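Colleague: Hi! Could you walk me through the pockets and the ligand in this one?
Modeller: Happy to, here it is.

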Amino acid sequence: MHEWSLAEAVISTVIEASKGEGLEEITKIKVKIGELQQVDTEIFKFALDEIAKDQGTSLLRTMKIEIRTEKAIFRCRVCKNEWTFDDLFDIDEDKLEAIHFAPEVAHVYVRCPLCKSPDFEVVQGRGVLIDSIKGIGTGKETKGR
Amino acid sequence: MGMVIDPRLNIIDKRLYSIKRLIGVSGGKGGVGKSLIATVLALTLSRLGYHVGLLDLDLSAPSAHVILGIESVYPKEEKGIVPPVVHGIEFMSIVYFTGDGPAPFRGIDISNAMLELLAITRWGSLDFLIVDMPPGIGDAMMDVIRWMKRVEFLIVTTPSKVALETVKKVIKLLTELKFPIIGVIENMKIRESSLVKDELKKVAVPILGEIGFDMKIEDSIGDVNKLLESCFAVEMREIVLKSPEFKLQLK
Ligand SMILES: Nc1ncnc2c1ncn2[C@@H]1O[C@H](COP(=O)(O)OP(=O)(O)OP(=O)(O)O)[C@@H](O)[C@H]1O
Ligand SMILES: [Mg+2]
Ligand SMILES: [Zn+2]
């Protein structure tokens, strides 16, 4: 599953970042995932836990993972109309799977519901972001936004 | 940590770690033969016994699958995406996901799509990853430079002042940024002319060789065996074999 490769990216980034911050134990990470990624959060969470375990490091032993899905909002560049995923009716499974792998291909399958333009921007709800990493370091507690 | 981090950026180096050499096939202008050269180069190296991948980064106008004649092939999902092996090469293209629909991408979409593809594609152990690039200095080139730090470039031009004008700029930029340039291939040569040699005298980039205009190439597009027997491929193979820049250790 493609969730696993994103999870692997998250864990590897967290480990890297913790080095820079001098963290000895990461207590919590917050991950934001765009709805456009069409990620199965159950699988994603499971993958994150498994990959964290596999690292065999005490750094991640007590790490809690909070996942937040950000709703996708599209805005038409031509008529300025805004819409969400829920407004799209004509998207079948195959198209959703393609979008899941490469979210930008939404431009192939999604049209502005008002003026039918494919020229829209994804205002929010794409990509994967690590919002914050909290941990116990050499004396200091670091906290994200 | 007070910063929002995109974890996909972090994983790209790891995804490319098992690849010995990354070669971006680039050029100043459109239609000079980059895709044909990238594809035939990949096939040639593969037939010489190397493990080769081909990545089509022309996201708006992918062509390598047409040259390879690929139909109904799909990548496997396995903790990421494993590119299918077609005609002996690991092949990755956005076309698996766009099908034959047009992809009206803006620059930001190109960057995002590229980031996603680089982050999720799990290449095998490769001697070469050949990257087919869109023309000129655009989003794809800037992103390849930004994210594929070990990339070397193979530059394609035709013997035309029009093409060379931009090729020189591409070479200048890559030289300024200290990216290695394997060399220049002069494609679609129809008559003797020293134009390319003269024009590139001032830049320290080897001209690897020339490929003549192949009247019959169109009949071989989509048929790999025919393609490899074409005059085009024979000339490409000669260039690969005689250029020390490819550092081949023939098996
Ligand atoms: N040496 C050659 N002889 C004859 N035809 C050629 C030769 N090289 C390329 N072609 C043909 O020229 C056309 C353009 O080639 P190709 O698509 O490889 O160019 P490109 O540089 O990748 O274009 P783009 O910039 O649009 O990506 C194709 O139809 C190809 O088959
Ligand atoms: Mg091309
Ligand atoms: Zn609209």
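Modeller: One term before we start: a polar contact is a pair of N or O atoms within 3.5 Å. Also keep in mind that this is a predicted model.

Colleague: Thanks! Which polar side-chain atom lies 2.7 Å from an oxygen atom of ligand 1?
Modeller: That one belongs to Lys34(B). Asp58(B) also has a polar side-chain atom by an oxygen atom of ligand 1, at 3.4 Å. On the nitrogen side, an N or O atom in the side chain of Asn187(B) is 2.9 Å from a nitrogen atom of the ligand.

Colleague: And how much of the accessible area of ligand 1 does the protein cover?
Modeller: The protein covers 79% of it, where ligand 1 on its own has 640 Å².

Colleague: Nice. How many residues surround the ligand, and which are the closest?
Modeller: There are 19 around ligand 1, and the closest are Lys34(B), Ser35(B), Leu36(B), Asn187(B) and Asp214(B). By class, that shell has nine nonpolar, six polar and four charged residues. H2, E9 and strand E10 (207-212) of chain B each give at least two residues to the shell, and H2(B) has the largest share with three.

Colleague: Where does ligand 1 sit?
Modeller: In the largest pocket. The space there is about 360 Å³. Of its 23 lining residues, Gly31(B), Val32(B), Gly33(B), Leu36(B) and Met188(B) are the closest to the centre.

Colleague: Which elements of chain B each supply at least two residues of that lining?
Modeller: Helix H2 (34-47), helix H3 (64-68) and strand E9 (181-189) do. Here too H2(B) provides the largest share, three residues. The lining as a whole splits into 13 nonpolar, six polar and four charged residues.

Colleague: Changing topic: what volume does the second largest pocket have?
Modeller: About 290 Å³. It is lined by 15 residues, and nearest its centre lie Glu8(A), Lys14(B), Arg15(B), Lys79(B) and Arg122(B). Two or more lining residues come from each of helix H1 (2-21) and helix H2 (41-54) of chain A, and from helix H1 (7-15) of chain B.

Colleague: Which of those gives the largest share of the lining?
Modeller: H2(A), with three residues.

Colleague: Last one: how do the lining residues of the second largest pocket divide by class?
Modeller: Seven are charged, four are polar and four are nonpolar.

Key
Residues are numbered from 1 along each chain as its sequence is written. Chains are lettered from A and ligands numbered from 1 in the order in which they are written. This is a predicted model: local features need pLDDT of at least 70, side-chain atom pairs count only at pLDDT 80 or more; totals for chains, interfaces and linings use all residues. Side-chain values use heavy atoms; hydrogens and water are left out. On a 1 Å grid over the protein atoms alone, a cavity is a set of points where a 1.4 Å probe fits but cannot get out, and a pocket is an open set with protein on both sides within 12 Å along at least five of seven lines; lining residues have an atom within 4 Å of a point. Grid points are joined across faces, edges and corners, and a volume is the space filled by probe spheres set on the points. Helices (H or I, at least four residues) and strands (E, at least two) are DSSP runs, numbered from the N terminus. Ala, Val, Leu, Ile, Met, Phe, Trp, Tyr, Cys and Pro count as nonpolar, Asp, Glu, Lys and Arg as charged, and the others, Gly among them, as polar. A residue is near a molecule or strand if one of its heavy atoms lies within 4 Å of it. A polar contact is a pair of N or O atoms within 3.5 Å; within protein, one must be able to donate a hydrogen and the other to accept it, and residues adjacent in sequence count only if both atoms are side-chain atoms. Accessible areas come from the Shrake-Rupley method with a 1.4 Å probe; for residues, only the protein chains shown count as cover. A molecule sits in a cavity or pocket if more than half of its atoms lie within 2 Å of its grid points.
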